[in-house]
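Please open the structure in your viewer and keep the selection panel at hand.

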Amino acid sequence: MSHIADFSNRSPLPQVNELFHRRWSPRAFKKTQLPVGIIKSIFDAVRWTPSCFNEQPWLFVTSSGNNDFDTFLSLLNESNQLWARNAGLIGFIFAKKTFTHNSTDNNKAKFDCGAAWMSLTLQANMHGLYTHGIGGINYADVHRTLNIAPDEYDIICGFALGELDQPQSLPEQLRGKEKPSARKSLEDIWQAGIL
Ligand SMILES: Cc1cc2nc3c(=O)[nH]c(=O)nc-3n(C[C@H](O)[C@H](O)[C@H](O)COP(=O)(O)O)c2cc1C
């Protein structure tokens with residue numbers, strides 16, 4: 001039986017599509033092999049993200065299902081390894097530092113990567129899968145271990161992708177946090193006009 005999450009502390013306006021307000025970041029993942037076709041569609045969704053000058057500065061590097069999962073897992077902080085070890089896939093998001101068209105600094109690349117991450121997440125949700133962003137990673141080792149040039153790419157963060165499991169599958173200290181989180185009010189994040 002899959003976990004029924006409690007969304008009672010979320011109060012979206014009724015017109016907001018549930019794709020947005022029912023997205024959340026679980027820690028309880030079920031160890032399953034994700035079908036290759038589904039994984040491909042999740043990353044294909046990334047391609048349709050808008051980006052500054054259409055540079056598509058994101059690079060997603062993920063475990064492949066071929067015995068490299070533990071290497072990816074080892075790049076997370078220990079506290080994140082505790083729960084992410086049951087994810088179907090672990091990945092890292094990199095941002096290309098310079099624009100390809102004129103070699104100047106791309107100061108919108110991280111913004112574009114965040115948008116790409118959301119595309120990936122929503123497509124995953126449409127397959128009934130979940131993502132969890134992971135900023136707690138071993139930044140010093142990621143480029144070297146994954147063979148990504150540090151002068152070319154910034155590391156943004158890691159993430160887990162997988163099938164939801166019951167909160168009881170988590171170590172005890174994490175179970176209480178296993179629920180969709182609340183949000184600031186609309187008034188706190190949107191100012192219409194000049195104050
Ligand atoms: C860039 C980024 C980094 C994050 N880093 C971590 C992390 O290291 N460990 C963790 O448990 N959760 C991490 N999170 C998850 C956030 O805490 C979570 O998204 C936030 O509390 C909102 O909850 P929700 O995604 O369930 O709506 C991260 C999320 C993002 C987007």
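The stops below take in a helix, a strand, a ligand and a nonpolar core. The model is a predicted one.

**First stop: helix H5**

Select residues 109–126, which form helix H5. At 1.5 Å a residue, its 18 residues should span 26 Å, and the end C-alpha atoms are 26 Å apart, so the two values agree. Next, colour the buried residues of H5: Ala109, Asp112, Cys113, Ala116, Trp117, Leu120, Thr121 and Ala124. An α-helix has 3.6 residues a turn, so residues three or four places apart point the same way. To see what the buried residues of H5 pack against, display helix H2 (36–46) together with strands S2 (58–62), S3 (89–96), S4 (130–134) and S5 (153–164). Then move past the helix to Gly128, which follows H5 and has a positive phi, near 80°.

**Second stop: strand S5**

Select residues 153–164, strand S5. Of its 12 residues, 9 are buried, so S5 is largely enclosed by the rest of the structure.

- Strand S1 (residues 29–30) runs antiparallel to S5 and is joined to it by 2 bridges; Lys30 has Glu163 as its bridge partner.
- S3 pairs with S5 in the antiparallel sense over 8 bridges; Ala95 stands opposite Asp154.
- S4 also pairs with S5 in the antiparallel sense, over 5 bridges; here His132 has Ala160 as its bridge partner.

Which residues surround the ligand? Select Trp24, Ser25, Asn80, His132, Gly133, Ile134, Gly135, Gly136, Cys157, Pro180 and Ser181 to display them. S4 supplies the largest share of this shell, with 3 residues. Colouring by class shows 4 nonpolar and 7 polar residues around the ligand, and no charged ones.

Which residues have the most contacts inside the largest nonpolar core? Within this core of 34 residues, they are Ile93, Cys113 and Ala160. The elements that give two or more residues to the core are H2, helix H4 (78–84), S3, H5, S4 and S5.

Leaving aside residues up to four places away in sequence, Ala160 touches Phe29, Ala84, Ala87, Ile90, Thr131, His132 and Ile134. Two of these names, His132 and Ile134, also belong to the surroundings of the ligand.

How values were computed
Residues numbered from 1 in each chain as written. Predicted model: local features only at pLDDT ≥ 70, side-chain atom pairs only at ≥ 80, totals over all residues. Helix = DSSP H or I, 4+ residues; strand = E, 2+ residues; numbered from the N terminus. Expected span 1.5 Å × (residues − 1). Buried ≥ 20, exposed ≤ 12 C-beta atoms within 10 Å, placed from the backbone. Contact = placed C-beta atoms within 7 Å. Pairing = 2+ DSSP bridges. Near = placed C-beta within 6 Å. Nonpolar A, V, L, I, M, F, W, Y, C, P; charged D, E, K, R; others polar. Core = buried A, V, L, I, M, F, W, Y, C linked by C-beta atoms within 7 Å.
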